[in-house]
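This briefing is for a reader who is new to the structure shown below. Please look through the sequence and the model before reading the points that follow.

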Amino acid sequence: MRTVICPIDVISEFLKIAHPNTSTKIETCAILAGEERDGQLVITALIVPTQTGKQDQCAMDDEVELFECQIAEGLMTIGWIHTHP
């Protein structure tokens with residue numbers, strides 16, 4: 001198991017982005033992306049993909065778009081985050 005470093009501003013930025021959906025009871029998801037540093041996984045980017053959400057689910061509309069973004073930026077998926085409005 002590895003240590004994951006997640007800066008608090010990543011969470012607050014996600015909550016700010018998700019707020020319009022959360023206020024209308026629609027889930028929002030995002031990818032926590034980053035890199036490995038000294039054996040630790042460090043989240044350096046929040047990627048909010050094009051998505052469709054409902055009250056009890058959310059899904060990316062175009063996974064290829066996500067992969068292209070990560071490849072271009074040299075990022076790997078470390079985790080994901082989503083709301084439960």
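**Salt bridges and other local features**

Glutamate 13 and lysine 16 form a salt bridge, with 3.4 Å between their closest N and O atoms. The model is a predicted one, and a search of the whole structure finds 3 salt bridges. The number of disulfides is 0.

- Lysine 16 counts as exposed, since its relative accessibility is 57% and the limit for exposed is over 50%.

**The salt bridge between arginine 2 and glutamate 36**

- Side chains of opposite charge can pair when their charged atoms come close.
- A salt bridge joins the side chains of arginine 2 and glutamate 36, at 3.2 Å from N to O.
- Arginine 2 sits in the segment before strand 1 (4–5) and glutamate 36 in strand 2 (residues 29–37), so the pair ties together parts that are 34 residues apart in sequence.
- Arginine 2 has a relative accessible area of 47% and is therefore partly exposed.
- Glutamate 36 is also partly exposed, with a relative accessible area of 45%.

**The salt bridge between glutamate 35 and arginine 37**

- Arginine 37 and glutamate 35 form a salt bridge in which the closest N and O atoms are 2.5 Å apart.
- Arginine 37 counts as partly exposed because its relative accessibility is 39%.
- Glutamate 35 has a relative accessibility of 29% and so counts as partly exposed.

- A disulfide would need the two sulfur atoms within 2.5 Å.
- Seen from cysteine 58, the closest cysteine sulfur is in cysteine 29, at 3.7 Å, which is too far for a bond.
- Cysteine 29 counts as buried because its relative accessibility is 9%, and buried means under 20%.

**A patch of negative charge**

- On the surface, a patch of negative charge gathers Asp61, Asp62, Glu63, Glu65 and Glu68.
- One of these residues, glutamate 63, lies in helix 2, which covers residues 63–73.
- Glutamate 63 has a relative accessibility of 46% and therefore counts as partly exposed.

**Residues with positive phi**

- Lysine 25 is not a glycine, yet it has a positive phi of about 60°.
- The loop between helix 1 and strand 2 holds lysine 25.
- Lysine 25 counts as partly exposed because its relative accessibility is 49%.
- Aspartate 38 is not a glycine either, and it has a positive phi of about 50°.
- Aspartate 38 is found in the loop between strand 2 and strand 3 (40–47).
- Aspartate 38 is exposed, with a relative accessible area of 80%.

Terms used
Residues are numbered from 1 along each chain as its sequence is written. This is a predicted model: local features need pLDDT of at least 70, side-chain atom pairs count only at pLDDT 80 or more; totals for chains, interfaces and linings use all residues. Side-chain values use heavy atoms; hydrogens and water are left out. Patches are made of residues with over 30% relative accessible area and no salt bridge: like charges are joined within 9 Å, nonpolar side chains (Val, Leu, Ile, Met, Phe, Trp, Tyr) within 5 Å. Accessible areas come from the Shrake-Rupley method with a 1.4 Å probe; for residues, only the protein chains shown count as cover. A salt bridge is a side-chain nitrogen of Lys or Arg within 4 Å of a carboxyl oxygen of Asp or Glu. Lys and Arg count as positive and Asp and Glu as negative; His and the chain ends are not counted. The place of a charge is taken as NZ of Lys, CZ of Arg, CG of Asp or CD of Glu. Helices (H or I, at least four residues) and strands (E, at least two) are DSSP runs, numbered from the N terminus. Buried means under 20% relative accessible area, exposed over 50%, partly exposed in between (1.4 Å probe, protein chains only).
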